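This briefing is meant to be read beside the sequence and the 3D view.

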Amino acid sequence: MRAPAQRPVPPQPPNVGSNEHDSLKYHLLGPSLTKAGQDTVDQQKVSEIIYNASKGSKFFNNEEAKDKNLTEKIAKILAKKARLEMLDLSADLRRADDYVAALELTRDLSQTVVHLDCDAFYAAVEELDRPELKAVPMAVGKGVLTTCNYYARKFGCRSGMAGFVAMKLCPQLVCVPLNFSKYMAKAQEVREVLALYDPNFESASCDEAYLNITQYCEDHHMGPEEVVSQLRAEVFEKTKITVSAGIAANAKLAKIGSNINKPNGQFFLPSDRQTIIEFMKTMPTRKVNGIGRVFERELDAIGVKTCGDIYAQRGYLAQLFGQKGFQFLMQCYLGLGRTKIQQAEESHRKSVGTETTFRELGSPDALREKLRWVADELEGDLKRTKYKGRTLCIKIKLATYEVHTRQTTPPFAVQHADDLYKYSLPMLEKLMKEIPNMKLRLMGLRVTHIISTKKPGIDFFGRNRLNGNTPTKKRINRTGGEWEIWPEQDFEEAAAQERNDEMNELEQLSQEYARAQIKEDTGTAITPPTEPVADEQWTCPICTLLQPPDDSTFNAHIDFCLSRDTIKEAVKSTAPPPPPPPPLPSFDRQPSVSKPVQRKGKRARPKNESQPSEEQAREKRRAFFSTRTG
C-alpha cells in the first residue's frame, strides 16, 4: 500500500500589506476551497493555473477590481481599528462580556441535530448509470463544474470551477452534462428515508438536510451515533448513494461536522460545553457556514484566523463589522446555533423572480425584446406559485460585470406579463440613458412585498395553512410556535450569494475561452450573434445546460428549472435557539446621545434619516436573486 502523501499547507488569506497578486490568486481559488477531498491538493499550484488561465479575460479583470476594492476596504478597517486602539475600550469589553454571559444562558445541550450531506451527489448519481466513471476523474457540468467525484478532487478540481481550468489541472477529466430530473428523483428517495427519522426534517438543498433526532433516540432507546449509522445504511440500501453526517447539539456544529469525515463517514461532537469550546477554538473561520472569502479576509486582517481568535477582538467587532456581525461572531466563538429543525412554510417567501444570462446585447430594441421575454417568464412563475407583488425590481449585469438594480412601486400588485413589462420598461429606458452604449449579458425581474392569490387553507404542497392572503411578519411553524431569528441567516445568505455570483461569472469566462479557442483554431474572430441561428443550441439561463433550439422544448425545460428553484425556496427554512438572547447592548461611544452610527459596507448599511424596520433590513441584505448549483 502506498504511503499517504504529505498534506500541503493550504494557502492562507494574504495580509493587506502583501503583494496584490497574492490576494488575487487566493481570491481566484473560489468559494469551494474548503470542499472535502482537497486536503492533499497543492492549492498554490492550483491558484497559479487559474491565474494564468483566466488572465486577460473580463472575468479576471472583474475579479481583480473586486480584489482591489476589498484590499482598500480592509485598509480602512485596519485604520479604524488603529484609532480604536488609542481609546479606552474597557466599557466596550464589559458590554461584550455581559453579552457573552447572557448568550451562554441560551445554550441548549438537550437536542441532537444532524446535518446529512450526500457525497458528490450529482457525480454519484451519474456513476450509478455508468459504473465505469468511478474509476476515472469525472465531473458534472460543462462550462462550470457543479460536482466532481473524489478522484477528480485529488487533482484540484472542484465545484464552481470553470471547465477549461479543470481540464488544465486534469487533462483526462471526463465531463458529463447535467440531468436535474434524475438528481431530483434520487433526492426524493433519500428524503423518504429521512422522514422516518424526523418527519419535520429541513431540506437545505437537494443533497443536504438537517434533522433533529432527539425524539427518535428517546423512542428507540438508541444513541445518536448508532441512529445516524443506521440511517446512513438505510439511505445506501435504498438509493445506493453514500452520505456523510455531522452530529452535534445545534445546526451550526452539525454542518461543520458533516465535512470532517467525508466521504461516507460521520462525526460526533459530544454535547458538552467545554468540548464544544475546544472544538471551535482551532476551527478556521472559513469552515463556518456564513463566512465566505470576503469576510474571511476581513477577519484575517484584524488577526482572526480561527474561531478561538474572536474573543480577543471582541471589543472591536461591533465597531468594525456592526452589531449583527458582533453577535454572529460571538456565537461562532461559543459554538452556539439553532436547535429547532422544521420545514418552512411557503408563506415565508419574500419575493419571486427570474433572470436570464445571454450573449452581449446592446441594441435598444433587442434589450426591450429581452425584457418582454423576462416578463413573460416571470408571469409564468408567479401564476405557478400563485403570487403577485407590490414592488417590481429590475436587475441588469453589464458586459463589464457591473450589476445595477432599480425598483418601482406600481399602483397595484402585479402578476401579468403586460403589467410587468409596462412598469419595468421605464426603468430600463432610464438605465439606457444613464449608461451610454449599454451592453448587457444578464437581465432579471423580481417582485417583492408579495401577496398570495391562493385560496385560503391550501399551501404550495397541499398542506393546510394558518392564514390567508396577507404575508406574515413573524415566522410561524406548523404547530403554531414562533420561529426564532438568528443573525447567522443573513451571513449564510451572503456567503451563498457569493458562491452564486462566482458561478455566473465563471460561466461567462468559459464562453470567452471557447470563443478565443475558435479564433485561435480558425484564425477568425467569432462575434456571437444576438439572435440564435438554426443549427446552434440554446443555453438554459438557470442550469446553463444546452438545449435544442426549439421554443416549446426550451420553454418546457426552463419551466422545470424554475419550478425546481421554487420548490427549493419554498422548503428553505430558518430556525434558532430556545430562549431568545437578550437585546444586544449598544456600543455607541456616548450612550446619552441617541445618534445613529454611520457604517458602510456589505454587513452594515448607512443609516441616515430613519431607521429601517428589521424586516426591511433583512430584505435589503437578502440576495437579489438566489440559485443553487450542485
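In helix α10, the residues Val227, Val228, Leu231, Arg232, Val235 and Thr239 are buried. Because these residues cover an arc of only 130° around the axis, they lie on the same side of α10. The model is a predicted one, and this applies to every value below.

**Helix α10**

- Directly after α10 comes Lys240, whose phi is positive, at about 65°.

**Backbone exceptions in the loops**

- Most residues other than glycine have a negative phi, and most peptide bonds are trans, which is the background for the points in this group.
- His221 is not a glycine, yet its phi is positive, at about 55°; the residue sits in the loop between α9 (214-220) and α10.
- With a relative accessibility of 73%, His221 counts as exposed, because the cut-off for that class is over 50%.
- The peptide bond that leads from Lys262 to Pro263 is cis, with an omega near -5°, and Pro263 belongs to the loop between α11 (251-257) and β8 (266-268).
- Asn264 also has its place in the loop between α11 and β8, and although it is not a glycine, it has a positive phi of about 55°.
- The relative accessible area of Asn264 is 44%, so this residue is classed as partly exposed, a class that lies between the cut-offs of 20% and 50%.

**Nonpolar cores**

- Which residues touch the most other members of the largest nonpolar core? In this core of 44 residues they are Phe279, Val288, Ile310, Leu317, Phe321, Leu329 and Met330.
- The elements that contribute two or more residues to this core are α3 (58-85), α4 (90-104), α11, α12 (273-281), α13 (293-301) and α14 (314-334).
- Of these, α14 gives the most to the core, with 12 residues.
- Another core, of 40 residues, lies apart from this one, and its members include Ala123, Met138, Met184 and Ala245.

**Cysteines**

- How many disulfides does the model hold? The count comes to zero, where a disulfide would need a pair of cysteine sulfur atoms within 2.5 Å.
- Cys307 is in no disulfide, and the nearest cysteine sulfur, which is that of Cys332, is 5.3 Å away.
- Cys307 has a relative accessible area of 0% and is therefore buried.
- Cys217 is likewise classed as buried, with a relative accessible area of 10%, because the cut-off for buried is under 20%.

**The four-stranded sheet**

- Four strands make up an open sheet in the order β9-β12-β10-β11, and their pairing is antiparallel.
- Strands β9 (351-361) and β11 stand at the edges with a single partner strand each, so one side of each has no neighbour in the sheet.
- On average, neighbouring strands of this sheet are turned by 15° against each other, with direction ignored.
- Strand β10 (residues 387-398) has 10 of its 12 residues buried, and therefore the strand is largely enclosed by the rest of the structure.
- On the pairing of β10 with β11 (residues 403-408), six bridges connect the two strands in the antiparallel sense, and Lys397 stands opposite Val403 in β11.
- The hairpin formed by β10 and β11 has four residues between the strands, and in this hairpin Tyr401 takes a positive phi near 75°.

- Leu211 lies in strand β6 (residues 208-212), and at 0% relative accessibility Leu211 counts as buried.
- Leu211 and Tyr197 are 14 residues apart along the chain, while their C-alpha atoms are separated by 7.8 Å.

Note on methods. Residues numbered from 1 in each chain as written. Predicted model: local features only at pLDDT ≥ 70, side-chain atom pairs only at ≥ 80, totals over all residues. Heavy atoms only, no water. Buried < 20%, exposed > 50% of the residue type's maximum accessible area, 1.4 Å probe, protein only. Arc of directions from axis to C-beta. Core = buried A, V, L, I, M, F, W, Y, C linked by side-chain atoms within 4.5 Å. Pairing = 2+ DSSP bridges. Axes fitted to C-alpha atoms, helices over the stretch in contact; angles between N-to-C directions.
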